[in-house]
Amino acid sequence: MWAANQVIDAYAALCALIHGGEVDLTGNDEDLDDPDEQESEDESTDEDSAMEDAEGDEPSALHVHAAGNGSLRPEVIVPTVTCEDAAALSTPAPGTVHLICVDPPYYNNVQYAELSNFFYVWLKRALKDWPGLAPLFTEPLAETNREAVANAARWQREAETELGAWQGRYDAAFERLRANKVKVAEAKQLAREEAGPEPASAKDRADLFYENKMAAVFARGRKLLHPAGRMVVMFNHKQTWAWRSLGMALIRAGFEVRSSVPIHTEAESSLNIRGLDAARSTVLLLCVPRDEREQPTGNWASVQGKVGRVARGAAERFQAQGLTGTDLYLASLGPALGEVGRNWPVTDFAGRPVDLVDALEEAYKSVGQWRLEQIFLELTGSADLGEAAAGFSAQAVDRDTQTLWLWLDTFQGEIADSDEVRKLAKSLGVNPDELKGMGLLSKDKDLFLLRPPRDVDHRALARRLKGEGAARGRAAREADAWEERVFPGFIGAAVWNALALMTATDGTHGPEALRRWMADSGYGAQREFLGAYAVTLSLLERVFQRRREGDAWGETARQARRGWDLVLKGWRS
């Protein structure tokens, strides 16, 4: 019943728009309490009446009904509802549409046709004999071939067949070349040349299909637009390749992204995003037809700087409006697409074409660097942590530590999509697999998980950073004194170790253990360590302080605060 009510309410709202929403013309006595205001309004009314009499029968923008209410239009607008392919709409006439508002499929987020099969088979049973509906149910299942989504499964068989044929050609050529005593490296190269280009993967085919489909839809929309018309495109996706496909479709269709606005559309309690770094905002892209006059090819050296500046500017503007985390990065992609579109095509110094992905990654990198600066700026306003951050900057910190901080600031939790993690790490020149090898991250299918400090083997991490092999035997393990453990070139690992000392369940750990380690290892004398601890504490409290009792990360945030209050706050080296 809830679902039915949602649909009914949506249609009722559409009908109100079609008929023209009613306007309440009844006055409010509270608005006329002041006699001076009443007199002023009476005079204004007399003047307005005289003006209307002088103008004769000039039509009013507001049309009054007998009931005393008004509507914004005198007649009902009859809408046209069509199920035609959006790339081949027969109505309306070209050049007559002032606004196109489209909410297309978000790349591969939802496979609509596959999901609709559940309803299709039951609707087919119930409605196939109704007059006029039979043609809609001629297929066994919902039609999927023309659906504008990136569905790699749809292309899997074709990709595997072509790859098998290509592999057969390659193997035959390689064996023949080796039989003729051609060296292995040369035989591989010649065999690849003889076999021809390697077939595209299922993912690449799905990506190209989505781009082509959206380009055709947008191209038709451009023909329908009035010369002063605008198109608004809604989009929500975290993967760079999804934005690349959408951006290339807009560029190919002759559109330029003029501005973008993120709209909060996902509830915090939604089951599909709970516990994940999911995007909670849909980005609205305002698109205008590009000027078709011939323009010079854009130079990447100059476009790159412009992309970075507009991305930072967008992030600053949207952060002031309350946007945080992943959404802040996504909101910057629209301006980046607009800047590239105005200079398209773009080439490097050697004349090679620059892929749109490069521009999107530049935007991501610029926002990340800006957020690092903001983290420190925000910390200086803290009453108890600001002093520790004074004279301490993001640029002075190693990249691995910056990655840990941006993880907390961006993903706002311990779980993140692997594509997002690699994108963030790439923007800092860091390999997430290295962090995984250090034991700081773990992998679960398409997700990376940030491990709590108490679950990290800090002894092994310290040896790895010092270039030492794994300690073997009891004597080797005992030789590693935890009190003197150091983490060369990775201040964030030292902070993680301090947090582990506070959160470990071993009875020998706690504030006293932290004091001992800081004194014996020398970190207590390093202002950099105190500043890094303060930054980490600030991020942990912002992200995890509301976690329930017993949660590992919630406990980490609480013990981090305890370590600061009992040990570091009053520390004197």
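Residues are numbered from 1 along each chain as its sequence is written, and side-chain values use heavy atoms, with hydrogens and water left out. In this predicted model, local features need pLDDT of at least 70 and side-chain atom pairs count only at pLDDT 80 or more, while totals for chains, interfaces and linings use all residues.

Q: How many helices and strands are there in the chain?
A: Helices (H or I, at least four residues) and strands (E, at least two) are DSSP runs, numbered from the N terminus. On this basis the chain has 20 helices and 12 strands.

Q: What percentage of the residues in the chain is buried?
A: A residue is buried under 20% relative accessible area, exposed over 50% and partly exposed in between, with a 1.4 Å probe and protein chains only. The chain has 573 residues, and the buried share of them is 42%.

Q: In which sense do S4 and S5 pair, parallel or antiparallel?
A: Strands of a sheet pair through backbone hydrogen bonds, either parallel or antiparallel. In this pair, Val97 stands opposite Leu225 in S5. Over five bridges, S4 and strand S5 (residues 225–235) pair in a sense that is parallel.

Q: Is Met231 buried or exposed?
A: Met231 lies in strand S5. Leaving aside neighbours within four places in sequence, its contacts include Ile100, Phe218, Leu250 and Leu286. Because its relative accessibility is 1%, Met231 counts as buried.

Q: What distance separates the C-alpha atoms of Met231 and Phe255?
A: Phe255 is one of the residues in contact with Met231. The two residues are 24 residues apart along the chain, and their C-alpha atoms are separated by 8.9 Å.

Q: Which residue in the turn between S11 and S12 has a positive phi?
A: Strand S11 (residues 441–444) and strand S12 (residues 447–450) run antiparallel and are joined by four bridges. Among the bridge partners in S12, Leu447 is that of Asp444, and Phe448 is that of Lys443. The two strands form a hairpin with two residues between them, and the turn residue with a positive phi, of about 55 degrees, is Lys445.

Q: What is the order of the open sheet of three strands?
A: The edge strands, each pairing on one side only, are S10 (415–417) and S11. The twist averages 30 degrees from one strand to the next. With antiparallel pairing, the order is S10-S12-S11.

Q: How do H10 and H13 lie to each other, roughly parallel or roughly perpendicular?
A: Angles under 35 degrees count as roughly parallel, over 145 as roughly antiparallel, 65 to 115 as roughly perpendicular and the rest as oblique. The axes of H10 (residues 356–380) and H13 (residues 418–427) come within 9 Å and cross at roughly 70 degrees. Therefore H10 and H13 are roughly perpendicular.

Q: How many nonpolar residues does the contact of H17 with H18 have?
A: Ala, Val, Leu, Ile, Met, Phe, Trp, Tyr, Cys and Pro count as nonpolar, Asp, Glu, Lys and Arg as charged, and the others, Gly among them, as polar. The axes of H17 (residues 491–503) and H18 (residues 511–521) come within 8 Å and cross at roughly 150 degrees. In the contact, Ala494, Asn497, Ala498, Leu501 and Met502 in H17 meet Pro511, Ala513, Leu514 and Trp517 in H18. These residues divide into one polar, no charged and, for nonpolar, eight.

Note on methods. Axes are lines fitted to C-alpha atoms, for helices over the stretch in contact, and angles run from 0 to 180 degrees between N-to-C directions. Two strands pair if DSSP finds at least two bridges between them. Contact means heavy atoms within 4.5 Å.
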